[in-house]
Amino acid sequence: MIAMTPLEAWIARKARIGPGLAGRFFVEALKAYQLRRVNEIIDYARCNAPFYRRHLASLPDAPLSALSGIARIPFTTPSDLADDPSGFLAVRQDDVARIVTLRTSGSTGEAKRLFFTEGDLELTVDFFHHGMSSLVRPGQRVAVLLPAERPDSVGDLLVRGLRRMDVHALAYGPVTDPLHAARAVASYRAHCLVGIPTQVLAVARTRAGAAIGKGSIESVLLSTDYVPRAIAEALEEVWGCRVFNHYGMTEMGLGGGVECEALDGYHLREADLYFEVVDRQTGEACSDGALGEVVFTTLTRRGMPLVRYRTGDIARIIPQPCPCGSSLRRMERVRGRWDGAVRLGPECTLTLSDMDEALFRLTGLLDYRVTVSKGRDGRFRLHIDVHRAEGGSPTDLEVLHMLNEVDAIRKGIAGAILEIPSVRFSADGRWTTTGVSKRKIVTDPIDPLSFCLKSRTISTTIY
Ligand SMILES: [Zn+2]
């Protein structure tokens with residue numbers, strides 16, 4: 001029996017939807033709430049945030065009469081945010097409780113800065129509190145492998161949310177030494193782990209992590225922009241646990257959505273965020289079921305409202321109802337990012353998610369980095385650095401064999417437009433962790449035109 005997502009009752013309460021409403025009536029009531037909030041936030045942003053005063057200047061004053069009208073409002077892009085962070089600030093500096101600075105990978109010096117008020121942070125704690133009730137019960141223990149040291153960091157907010165449901169938490173922090181983390185998780189006798197996919201995988205693939213065995217860790221929540229299915233399956237196999245996915249980015253107020261016990265797509269935080277999926281090229285709304293770019297509008301944030309913010313994430317709304325019986329929408333697990341793809345040729349696009357699905361099946365592999373460059377002969381070269389678990393496997397032949405399972409790589413090699421000169425291995429224990437940065441294909445473009453789907457590289461950290 002699959003329990004209904006706890007988010008439904010929580011969202012109904014926040015949106016003041018009567019307890020008797022279900023199905024179509026629930027959906028209509030939620031849409032009415034969202035329309036009201038979208039109109040309020042547009043007004044609020046125009047009155048208080050200098051960026052939106054300019055950006056939405058030509059918008060008529062009349063409120064939207066239907067949610068579909070949101071399509072007339074221009075998008076906000078990550079570049080807008082990087083170019084003028086304080087232009088988004090809608091409260092006095094004194095009212096800002098936390099500023100998160102997101103580094104960029106380039107040397108341009110641009111950084112996205114996000115401002116949160118005390119009230120904004122409370123919204124996140126409240127979401128974590130209710131979202132986590134699918135995974136843990138009062139009295140249980142959670143090891144939090146996310147940054148938690150600083151007050152109001154993501155891990156700290158999560159620990160505060162868990163405390164509200166009488167769940168104990170170990171604020172361990174990001175994993176830099178997987179063996180140390182595995183021992184800490186084992187001695188804490190955690191029922192649940194929350195962390196970043198490759199880092200939790202590294203913990204599971206140490207000897208101490210594997211020795212935890214099945215039946216002790218009941219659930220794992222993986223939090224990042226997207227989770228390779230191969231990693232979720234590997235964790236299920238080692239620990240016999242359920243693996244839930246959380247979708248979030250700092251711009252969303254850290255939390256965006258979380259899976260229910262059906263483990264088949266996120267239910268979204270729809271009282272605080274309005275989500276759209278749009279066609280990447282035209283910007284028009286995608287019908288449910290069609291893949292597009294995730295766009296969201298904050299409905300309740302005061303410090304820094306965001307209107308139609310483009311995430312760059314690729315996903316779709318699942319048209320079928322969720323097996324948990326909820327009337328809430330479900331978004332399929334994010335498939336990666338538009339700026340994470342490299343076009344090798346017509347009909348031949350290499351994505352990190354395709355490589356992940358192949359490579360994380362190798363049991364001795366903890367993580368890898370891939371760089372694609374283009375030689376003067378016009379051919380692409382794929383350089384791969386692999387971080388292996390203790391014990392020394394896999395071999396370079398096994399890595400090459402799995403890479404050959406990736407469509408774009410196989411086609412590229414067959415068409416003589418791609419070569420893989422070598423596979424390099426990092427020495428055991430000497431891997432510099434990527435911290436909490438989003439993973440991506442590193443491009444070393446000689447001819448930038450070869451790289452599509454990417455206007456500017458802004459590598460965001462999620463926390
Ligand atoms: Zn569900």
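A charge is said to sit over a ring if NZ of Lys or CZ of Arg is within 6 Å of the ring centre and within 35 degrees of the ring normal. Select R24 and F25 to begin: the charged end of R24 sits over the ring of F25, 4.8 Å from its centre. Then select R310, which lies over the face of F75 at 4.5 Å from the ring centre.

This is a predicted model, in which local features need pLDDT of at least 70 and side-chain atom pairs count only at pLDDT 80 or more, while totals for chains, interfaces and linings use all residues. Residues are numbered from 1 along each chain as its sequence is written, and side-chain values use heavy atoms, with hydrogens and water left out.

Next, turn to the aromatic rings. Rings of Phe, Tyr and Trp (its six-membered ring) pair if their centres lie within 6.5 Å; planes under 30 degrees apart count as stacked, over 60 as edge-to-face and the rest as tilted. The count comes to nine aromatic pairs. Select F275 and F296: their ring centres are 6.3 Å apart and their planes stand at 50°, so the pair is tilted.

F275 is buried, with a relative accessible area of 1%; F296 counts as buried at 0%, and Y309 is buried at 0%.

Finally, select W10, F127 and F128, which form one aromatic cluster.

Conventions:
Buried means under 20% relative accessible area, exposed over 50%, partly exposed in between (1.4 Å probe, protein chains only).
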